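Here is a set of questions and answers for reading one chain. Look at the sequence and the structure before going on.

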Amino acid sequence: MIHITALYSVAGTLLPAWLLDRLLGDPSSLPHPVVGFGKMIAAGEKLLNKGRHRMLKGGLMAATFILLVYFAVWGAERLLFSSSLAPLGYLFDIFCLFFCLAGTTLAKEVRMVFEAVDRSPEEGRVQVARIVGRDTSGLSAQEVRAAALETLAENLSDGVIAPLFWFLLLGVPGAMAYKMVNTLDSMIGYHSERYLLFGRIAARIDDAANYIPARLTAFLMILSVGRLSLLPFVKRYGKEHASPNSGYPEAALAGILDCRFGGPHHYFGELFEKPYIGTNDRLLTTADMRTGIAVNFRSEVLMVVSTLFLRTVITAI
């Protein structure tokens, strides 16, 4: 039998955090921990990414920052919950988990890309550059829409499912540590000349941290539309992606929409040949964007409910 106190404790953190994300997204008026993470990484990269042993220095920096975040949050929790400041402890946990989630902001950005590209391809290219790392200057309207939908699928994993997965296993410190892992990868985990060695271990840590969440995301996506028959499609095309993880949620959305993602893209002036995911190279429309956003929302609900139940069981043990 589930312990009622444990249920209240988990629900009192998870549900408010998720609802805040649904209501507010990432409000620019609030200081965001990821901004601080980014400044730490940029300073460390500037100091260490030179000379010999760059891979070792980059790996040590990544490991240090991840552990620092985990134990800083863990220590703050211990301090707050072991004193008369316990109510502040709950608020601390709620806002930390809230800052780990990015489902609403992502959906808003993708919607804005489709609205912009409907006005003109140039506006679409400018708008999609906010959410993708590739060079967008030469993208067609179709490629802009595909890039936005690929990001919508991939970042459902990075921005919602993975943080909740690590919250499930390791609580709020785990979710925040994952956010540092993801920020490290987004800043230095590239195969460009500058980051090839320095960011290699950070990228491998991110691959490991997302291995299960990416596949779980794909499963939740196809479960949310009641089409488990797409599992063979996801298995086939998910592993075709250059990334060991990103292909799975992208394949799930490609299967749901019956479209094609992937192909060659430019990053930092270099051409990367990415395999195609799916075969139907049809025109993408605003209806596809709406379907993708609806799939993301239903997948989030499934993950929140599952995390609430399983985290309560873990906490009660």
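Q: How many residues of helix H10 (residues 247-257) are buried?

A: This is a predicted model, in which local features need pLDDT of at least 70, side-chain atom pairs count only at pLDDT 80 or more, and totals for chains, interfaces and linings use all residues. Residues are numbered from 1 along each chain as its sequence is written, and side-chain values use heavy atoms, with hydrogens and water left out. Buried means under 20% relative accessible area, exposed over 50% and partly exposed in between, with a 1.4 Å probe and protein chains only. H10 is largely enclosed by the rest of the structure, because the number of its residues that are buried is eleven of eleven.

Q: Is histidine 53 buried or exposed?

A: Histidine 53 lies in the loop between H2 and helix H3 (54-81). It is not a glycine, yet its phi is positive, at about 55 degrees. Its relative accessibility is 52%, so histidine 53 counts as exposed.

Q: How many helices and strands are there in the chain?

A: Helices (H or I, at least four residues) and strands (E, at least two) are DSSP runs, numbered from the N terminus. From that end, the elements run α-α-α-α-α-α-α-α-α-α-β-β-α. The count is eleven helices and two strands.

Q: What radius of gyration does the chain have?

A: The radius of gyration is taken over C-alpha atoms, and the globule rule is 2.2 Å times the number of residues to the power 0.38. The C-alpha trace spans about 60 × 55 × 40 Å along its principal axes. With 317 residues, a compact globule would have a radius near 20 Å, and the chain agrees with this at 20 Å.

Q: Residues 24 or more positions apart account for what share of the contacts with a separation of 6 or more?

A: Contact means heavy atoms within 4.5 Å. Counting contacts with a separation of 6 or more, the share from residues 24 or more positions apart is 72%.

Q: What part of the accessible surface belongs to carbon and sulfur atoms?

A: Accessible areas come from the Shrake-Rupley method with a 1.4 Å probe, and for residues only the protein chains shown count as cover. Of the 317 residues, 50% count as buried. The accessible surface comes to about 15100 Å², and the part from carbon and sulfur atoms is 65%.

Q: How many salt bridges does the count come to?

A: Side chains of opposite charge can pair when their charged atoms come close. A salt bridge is a side-chain nitrogen of Lys or Arg within 4 Å of a carboxyl oxygen of Asp or Glu. By this rule the count is ten.

Q: Which residue forms a salt bridge with arginine 130?

A: The N to O distance in this salt bridge is 2.5 Å. Arginine 130 lies in the loop between helix H6 (121-128) and helix H7 (141-188) and the partner in helix H5 (residues 103-119), so the pair ties together parts that are 21 residues apart in sequence. The partner is glutamate 109.

Q: How many residues apart are aspartate 118 and arginine 145?

A: Their side chains meet in a salt bridge of 3.0 Å, N to O. The pair links distant parts of the chain, with aspartate 118 in helix H5 and arginine 145 in helix H7, and the separation is 27 residues.

Q: Is glutamate 77 buried or exposed?

A: Glutamate 77 forms a salt bridge with arginine 78, with the closest N and O atoms 3.9 Å apart. Arginine 78 counts as partly exposed at 38% relative accessibility. Glutamate 77 is at 7%, so it counts as buried.

Q: How far apart are the end C-alpha atoms of residues 160-178?

A: The unreviewed UniProt entry places the feature "transmembrane region" at several spans, including residues 160-178. UniProt positions are given in the numbering used here, feature names are shortened, and annotations may be inferred rather than shown by experiment. The span 160-178 is 100% helix and 0% strand, and its end C-alpha atoms lie apart by 11 Å.
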